[in-house]
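User: I am new to reading protein models. Can you take me through this one, feature by feature?

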Amino acid sequence: MVRHDNAVPVEPRGNVVTTRLATSEERVWSALATVPDPEIPAVSVVDMGMIREIEVVDGSAWVVVLPTFTGCPALPIIKSDVAKAVGAVEGIDEVEVEVSFVPPWTSDRITTEGRTKLEGFGLAPPTGEGPVLITEIGLPKIAICPFCGSKNTHNENPFGPTPCRALYYCNECRNPFEQFKPV
Amino acid sequence: MSDALVSLLTALADDELVLGHRHSEWTGFAPHLEEDVAFSSIAQDEIGHAAAYYSLVGQLTGDDPDALALGREVLDYRNAILCERPNDDWAYTLVRHWLYDHADALRLEALEGSADPNLAALATKIRREERYHLIHADSWMKRIARGPVEGRTKLADAVGKAFPETFGLFEPFEQEEQMVKEGWLPVPSDESRTRFLDEMRTALDLLGLPTEIHAHTAAKAEFVASSSGDLISSEDKDAAPEDASDALGGRKGRHTSDLEQLWSDMTTQYRSNPGATW
C-alpha cells in the first residue's frame, strides 16, 4: 500500500522537466494538505492519513478517501471539501472522490505532524504503535494529557462528543480532556 | 445472481438501523450524563454501519441508501425482532446491548472472510469500532452483576426476557443457502448460534446470572444456573424454546407492533419529504 504520511508537496522547482502528470499530482497533494478535518480543524485530511491515493489523468483527478469512523457524520463535508480543493487546482477539470474501506483506516495512519497538531488542539493522540489489535479487549492503558504531558490519567468514558473521541481526566493537572480513540 | 448478497446486506443493515434507533432513544434520558453520551455515540455508530451496508446494497441494485433505510414499509424490514423491542428499563437495555454486540462480533468475525470483497473490508472496519461497544457492555454487565441485589435481580429478569429472543438473530437469512454456497456468508447462521450460545452461557455463568433458556421439552424450571449442575439435555439445549417463537420471523419480514411504532417515529421526517437534502 502506498503511504503518503510524509507527503509535503511542494511547487515544482525550476522548469518542469518531469511529466506533466507528476506535477499535477503534486499540486493535488498540496491542495489536499489544506483541507481540514471539519471536526478537528487543526489537522488536514492528509495529516489524518485519510487520503489513500490519488491519480491524475488528462485533467481528471481521482481521490480515494478512507473514513476514520464508518459513521462519521463529517464524511459528506469532507468529500465535498476535497472535491472543491482539488477542483481548484490548475489543470484539473474533473474530480472524482471515492470513499473506501480498503484498507480500513487505522489510527496509526495519522502522521507524526498530525499527532503534534492534535496535541496542540488539546486532543490526546491515539496511543500505541501500529493498529490496535482487535483481540485487545480493554481500554488503552495510557492517554497522555495534552495539557501537562502527564501519564497519570484515567478514562471517564470510552465514548465522547464524536464517534472518534473518548473522555479522560488528568489526575495531575485536573483537566478533563479527550483522546482520539485508537482504532 | 446477487439477490442473496442483497438479502444478507439488507438484514445486517436493518439490525443495525433498528437497534441504533432504539439506542438513540436514550439521548437526553439516560440514567446519567456519561451514559447519555455513550448510548448516543453507540447509536451513531450502529446507524453509520447501517448506512454503509445500505450503500453496498445501493451499489448492487442502484437504490438510494436513504430510501432503503427509511422509504420501505414495515414488512420489508429484515431485522431480528430482538432489535425492535422497546428499551424497557436500564437493565433490559444493557442486556440486549451486551447480547446483540457479542452476536454481532461473531458475525463480523465470520464476515471478514466473506467472498464479497466490499463486505469483507467493511466487516473489518466495523469490527474495530465495535470493540468499544463490547468494552462498554462488558463493563456494565460486570458492574451490575457484582453489585447490590436489586440490580442483580433486574439483570437476571432482563436476561430471561432477552436471551431467548437472540434466536431471532440466528434465524437463517432469506436465500441463506445461496449466500453460503457463494461464500458471501462464510459461517451458516446455525453454526454461529451454537458458538454464540456456548460463549454467552460461559459469560453468564461467570457473572452468576441464569444461563439456560427454558427449552420446549422441559416442562418446568424457567432457568437453571449451569453452575448448579442442572443442565438441560444437550441435544435440546440449542433448540429454540417455545417462549422464543415470538422472536422468530424477523428475517422473513414478520414483525411486532413494536416495529410499527418505531418505524412510524423513525421515518416521519423522511415520509414528509422524501429525497430532501440538507
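Analyst: Start with the elements. Helices (H or I, at least four residues) and strands (E, at least two) are DSSP runs, numbered from the N terminus. One case is A:Ser60, which sits in strand β4 (residues 60-65) of chain A. This is a predicted model, where local features need pLDDT of at least 70, side-chain atom pairs count only at pLDDT 80 or more, and totals for chains, interfaces and linings use all residues. Residues are numbered from 1 along each chain as its sequence is written, while chains are lettered from A and ligands numbered from 1 in the order in which they are written.

User: Is A:Ser60 exposed or partly exposed?

Analyst: Count C-beta atoms, placed from the backbone: a residue is buried with 20 or more others within 10 Å of its own, exposed with 12 or fewer, and partly exposed in between. A:Ser60 has 13 other C-beta atoms within 10 Å, so it is partly exposed.

User: Which residues does A:Ser60 touch, leaving aside its neighbours within four places in sequence?

Analyst: Two residues are in contact if their C-beta atoms, placed from the backbone, lie within 7 Å. By that rule, A:Ser60 contacts A:Asp93 and A:Glu94. A:Asp93 is 33 residues from A:Ser60 along the chain, yet their C-alpha atoms are separated by 5.9 Å.

User: What should I look for in the backbone angles?

Analyst: Look at phi and omega. A:Asp58 has phi near 50°, a positive value in a residue other than glycine. A:Asp58 lies in the loop between β3 (51-57) and β4 of chain A. A:Asp58 counts as exposed because it has 10 C-beta neighbours inside 10 Å. In chain B, phi of B:Asp88 is also positive, near 55°. The loop between α4 (81-84) and α5 of chain B holds B:Asp88. With 14 C-beta neighbours inside 10 Å, B:Asp88 is partly exposed. For omega, go to the peptide bond from A:Val102 to A:Pro103: it is cis, with omega near -10°. A:Pro103 is in the loop between β5 (94-99) and α3 (112-120) of chain A.

User: How many helices and strands does chain B have?

Analyst: Chain B has 10 helices and 0 strands. Of its 278 residues, 45% are buried. Take the contacts in chain B between residues at least 6 apart in sequence: 71% join residues at least 24 apart.

User: How do I describe two helices that cross?

Analyst: In chain B, the axes of α5 (residues 90-111) and α9 (residues 189-207) come within 10 Å and cross at roughly 135°. That makes α5(B) oblique to α9(B). Angles under 35 degrees count as roughly parallel, over 145 as roughly antiparallel, 65 to 115 as roughly perpendicular and the rest as oblique. Residues in this contact include B:Leu99 and B:His102 of α5(B), and B:Phe196 and B:Met200 of α9(B). By class, the contact has 6 nonpolar, 2 polar and 3 charged residues. Ala, Val, Leu, Ile, Met, Phe, Trp, Tyr, Cys and Pro count as nonpolar, Asp, Glu, Lys and Arg as charged, and the others, Gly among them, as polar.

User: How many residues of each chain are in contact with the other?

Analyst: 18 residues of chain A contact 25 residues of chain B. The side of chain A that touches chain B has 11 nonpolar, 5 polar and 2 charged residues.

Technical notes: Axes fitted to C-alpha atoms, helices over the stretch in contact; angles between N-to-C directions.
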